[in-house]
Amino acid sequence: MTRLLFRRSVLAAVAAVSMLPCLPQAQEVRQLSLANVPPDMIDAGPQGSAQGGGKPAGRNDVDLGQDLSPEGTSPQPGSVGAASPARAAAQAARAGSSSAARTRRPPATGAAARAGVERAVFERAPIAVPLPVGRERLITLPAPAALHVPRDMESVARLEVIDRTLYATALVPFTTLRIVAELVDSGQQIPMDLVAGESTASATSELEVFVVEPGKSGPAATATAGAAGGVTAAKEAEPEQPAADMVQLTRYAARMLYAPRRLAYDLPGVRQVEVGTQPVTGLLRGARVEAAPLGQWRSGNLYVTAVRVTNRARTPLELPLEDIRGRWISATAQHGRIGPAGSDWDTTALYLVCERAFEACL
């Protein structure tokens with residue numbers, strides 16, 4: 001009986017002891033909020049303290065390129081998104097736009113750009129061409145031209161020539177740089193001095209370049225250039241163009257064969273005429289070559305014929321122009337020496353000028 005009572009008292013004590021922790025645990029349960037988060041549950045990060053009104057510092061959020069730093073400050077090294085390419089691009093764009101807003105003028109409309117045209121007359125002195133940085137300026141030349149520029153010109157300016165128009169854009173400020181425009185039809189060279197900086201920001205109007213005709217100089221030439229619009233219209237209205245001489249005809253034929261498409265333009269007063277393209281035997285006496293006409297052009301009473309010449313010998317050949325068969329006023333070779341048969345430079349062109357068609361002059 002005594003043992004039974006002792007066992008019951010032990011069991012009751014064990015049950016009472018096991019229930020003791022449940023009571024205080026049930027009493028401590030309460031609804032959590034941001035205001036009552038225990039301090040030991042907050043990840044303080046590298047700085048060891050919370051920043052920004054309860055927002056933990058040092059968090060590793062995904063940076064989508066937005067600027068999380070206060071306005072006017074830059075992110076510190078190691079902060080969120082400091083090395084983000086999107087942030088760098090956005091900050092560079094903002095810096096460029098704000099700087100441009102302070103220093104640059106708004107782009108001119110097409111009507112405003114054409115409102116004023118600056119004119120310059122080339123006699124001997126180089127033509128000064130001021131360029132605004134970052135804005136394109138149009139320079140109209142007297143005729144289509146090829147440009148001769150320094151090798152590293154593309155690092156400071158972008159220059160493009162289409163027909164008679166030179167499109168010039170200064171990429172960075174630079175001091176005076178000399179370029180030369182060589183007119184394709186006449187071979188005349190026009191030196192131009194380009195410069196770009198703060199003092200040239202207002203030079204946005206089109207620049208039209210004129211060349212003084214032989215025998216004219218001084219005030220008469222300046223007056224002619226001042227009335228450039230009327231002179232140009234009068235030239236375009238002329239019913240007949242003067243006939244080209246044999247030098248101009250030869251240059252024209254060479255340009256048709258070798259020049260890029262943008263420079264292969266029509267020359268006033270010159271027209272193409274038909275010519276047979278069959279090989280001509282014995283055109284160069286004593287030379288093993290194959291010759292065949294490629295094209296023929298006429299201006300006035302002169303004809304020029306471009307003839308392809310290919311070496312058939314195993315040795316290089318100096319073209320014997322004095323041994324060309326026919327009655328020609330002039331004979332010009334694109335290359336005076338051609339390589340052996342089968343080489344990359346075994347072919348060239350001859351330009352033959354005569355007062356009659358090609359077949360009649362053989």
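A salt bridge here is a side-chain nitrogen of Lys or Arg within 4 Å of a carboxyl oxygen of Asp or Glu. By that rule, R337 and E318 form a salt bridge, with their closest N and O atoms 3.0 Å apart. R337 lies in strand β17 (residues 337-338) and E318 in strand β15, so this pair ties together parts that are 19 residues apart in sequence. Helices (H or I, at least four residues) and strands (E, at least two) are DSSP runs, numbered from the N terminus.

Before going on, a word on the model. It is predicted, so local features need pLDDT of at least 70 and side-chain atom pairs count only at pLDDT 80 or more, while totals for chains, interfaces and linings use all residues. Residues are numbered from 1 along each chain as its sequence is written, and side-chain values use heavy atoms, with hydrogens and water left out.

**Salt bridges**

The structure holds four salt bridges.

| Pair | Closest N to O |
|---|---|
| R137 and E118 | 2.7 Å |
| R337 and E318 | 3.0 Å |

The salt bridge of R137 with E118 links distant parts of the chain: R137 sits in strand β5 (residues 136-140) and E118 in strand β3 (residues 117-122), 19 residues apart. How accessible are the two partners? Using a 1.4 Å probe and protein chains only, buried means under 20% relative accessible area, exposed over 50%, and partly exposed in between. R137 is buried, with a relative accessible area of 0%, whereas E118 is partly exposed at 37%.

**Aromatic pairs**

Rings of Phe, Tyr and Trp (its six-membered ring) pair if their centres lie within 6.5 Å; planes under 30 degrees apart count as stacked, over 60 as edge-to-face and the rest as tilted. The structure holds two such aromatic pairs. In one, the rings of Y252 and W297 have centres 6.1 Å apart and planes at 85 degrees, so the pair is edge-to-face. Y252 belongs to helix α7 (residues 246-258) and W297 to strand β13, so parts 45 residues apart in sequence are tied together. Both Y252 and W297 are buried.

Why does the pair of W328 and F358 count as stacked? The ring planes of W328 and F358 are at 25 degrees, and their centres are 5.5 Å apart. This pair also links distant parts of the chain, 30 residues apart, with W328 in the loop between β15 and β16 (330-333) and F358 in helix α8 (residues 358-361). W328 counts as buried at 16% relative accessibility, and F358 is buried with a relative accessible area of 2%.

**The disulfide**

A disulfide is taken as a pair of cysteine sulfur atoms within 2.5 Å. A search of the whole structure finds one: C354 is joined to C361, S to S 1.8 Å. The torsion about the S-S bond of C354 and C361 is about -75 degrees, so the disulfide is left-handed. C354 and C361 are both buried.
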